[in-house]
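Here is a short briefing to read alongside your structure. Keep the model open as you go.

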Amino acid sequence: MTHPRDLEQEIEAELQAGSGDAGTARRLLGELYESYRDQRRLLDRLVRISDQFQRAERDRGQAFAADYRREVRRIEKLVRISDSYQTMLHDLNHRLLTLSTRDDLTGLLNRRSLRERVLAEMTAVNRGDSGFALAFVDIDHFKVINDTWGHQTGDAVLISLASTVISHLGDDRACGRWGGEEFLILFAGYDGERVVAAANHLRDVVGSIRHAGGPDGFSATISLGVTLYRPGETLDMVLSRADAALYQAKETGRNRVVYLP
Amino acid sequence: MNLEIAQTNTSPAVSADWESGRILIRGDSYPENSFELYHPLIKWVEAFLANLDRPLRLELELLYMNTSSVRVLMDILDLLESAFQKGRDVGVAWRYDIGNERVAELAVEFKEDCTFPFDITARTEPA
């Protein structure tokens with residue numbers, strides 16, 4: 001087959017020579033047609049190959065996008081599950097903290113936690129901060145309440161006293177269940193006059209509450225032993241004085257506040 | 001070719017039985033390097049699925065998992081899903097304590113993309 005460029009030159013030469021030979025013209029036309037047909041086949045192949053490349057590229061792009069979406073979904077799922085575990089752990093920690101620092105029945109601080117709180121206040125006072133007062137609170141004749149109305153009623157009285165003290169103080173970290181029916185209240189920043197007034201007010205409020213029991217219900221009174229912390233003294237010293245004040249309140253008729261500064 | 005990984009404070013007990021095709025993972029999982037810890041298990045699962053035609057059952061009694069452990073478990077579930085798509089008999093049984101519904105909710109999250117049998121059951125007795 002004649003190369004297209006040679007064919008072109010041959011046609012140019014024939015046109016210039018102008019021989020007018022029909023046989024030559026037919027041959028050149030035939031070769032021209034064959035050349036055109038070959039070029040078209042080549043072009044078709046090129047187009048097909050190019051299309052294949054484009055399709056492959058598009059498929060690869062789609063596969064990549066699908067992979068990407070799948071990975072994003074996986075990461076989202078991982079984060080979601082991981083977050084749930086974090087929340088679960090946080091809630092468990094919170095529950096453990098509550099269990100270890102709070103009294104199960106009343107929700108007040110337990111003895112150990114309140115002791116730590118008072119020790120922290122003592123450190124603050126000994127550093128120069130304003131003082132604080134402590135009050136031991138004991139429910140009068142609690143055994144009689146339990147024996148008369150049952151332990152569930154006794155528990156209800158304890159819970160009622162706890163919530164009354166907390167709402168009175170406005171601080172759920174200032175009162176703890178010291179043991180049995182005895183509570184300890186921390187009055188941060190209080191002086192003697194103010195703490196005695198607060199203690200008497202609390203005694204009045206508690207005494208006015210009617211508890212379910214019997215046809216008319218009943219009321220429970222409290223005795224309070226109050227004292228001020230003296231800078232430099234130990235926890236045992238201030239607690240002993242508050243305890244002595246409570247003992248006096250009990251000995252002198254109950255339902256009263258005794259203050260030993 | 002059985003696999004046993006002893007339980008520690010931060011990682012679960014893992015046992016994989018080649019004969020019965022049963023894998024058990026039990027405990028908490030928050031090791032320092034989850035990928036290292038679970039690498040033998042991943043290899044075990046791949047080998048089991050490649051070399052045998054027996055059913056494979058994964059039994060889980062997991063409580064807490066850190067993020068990398070979650071990732072590894074997702075990878076294992078992906079292996080099972082891929083095997084299931086090829087016609088293999090695979091399944092997961094996730095047991096949780098009846099008092100800990102949140103673990104059940106998490107198990108449901110894991111189950112989400114799995115089309116193979118994935119049972120989540122409450123256990124009343126401690127393991």
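The notes below cover a helix pair and some salt bridges.

This is a predicted model, in which local features need pLDDT of at least 70 and side-chain atom pairs count only at pLDDT 80 or more, while totals for chains, interfaces and linings use all residues. Residues are numbered from 1 along each chain as its sequence is written, chains are lettered from A and ligands numbered from 1 in the order in which they are written, and side-chain values use heavy atoms, with hydrogens and water left out.

**Where two helices meet**

- Helix 2 (residues 22-101) of chain A and helix 2 (residues 67-85) of chain B have axes that come within 9 Å and cross at roughly 130°. Helices here are DSSP runs of H or I with at least four residues, and strands are E runs of at least two, numbered from the N terminus. Axes are lines fitted to C-alpha atoms, for helices over the stretch in contact, with angles from 0 to 180 degrees between N-to-C directions.
- That angle makes helix 2 of chain A oblique to helix 2 of chain B (under 35 degrees is roughly parallel, over 145 roughly antiparallel, 65 to 115 roughly perpendicular, and the rest oblique).
- On the chain A side, the contact (heavy atoms within 4.5 Å) includes Arg74(A), Leu78(A) and Tyr85(A); on the chain B side, Val70(B), Arg71(B) and Asp78(B) are among the residues.
- The residues of this contact divide into five nonpolar, two polar and five charged (Ala, Val, Leu, Ile, Met, Phe, Trp, Tyr, Cys and Pro count as nonpolar, Asp, Glu, Lys and Arg as charged, and the others, Gly among them, as polar).

**Salt bridges in chain A**

- Over all chains, the structure holds 30 salt bridges, each a side-chain nitrogen of Lys or Arg within 4 Å of a carboxyl oxygen of Asp or Glu.
- One of them pairs Asp103(A) with Arg177(A) at 3.3 Å, N to O. Asp103(A) lies in the loop between helix 2 and helix 3, and Arg177(A) in strand 2, 74 residues apart.
- Both Asp103(A) and Arg177(A) are buried (buried is under 20% relative accessible area, exposed over 50%, partly exposed in between, with a 1.4 Å probe and protein chains only).
- Asp204(A) bridges to Arg203(A), with the closest N and O atoms 3.5 Å apart. Asp204(A) is partly exposed at 46%, whereas Arg203(A) is buried at 17%.

**Salt bridges in chain B**

- Arg95(B) and Glu59(B) form a salt bridge at 3.1 Å, N to O. Arg95(B) sits in strand 5 and Glu59(B) in strand 4, 36 residues apart.
- Arg95(B) is partly exposed at 22%, while Glu59(B) is buried at 8%.
- Salt bridges with shared partners join Arg22(B), Arg26(B), Glu59(B), Glu61(B), Arg95(B), Asp97(B) and Arg123(B) into one network.
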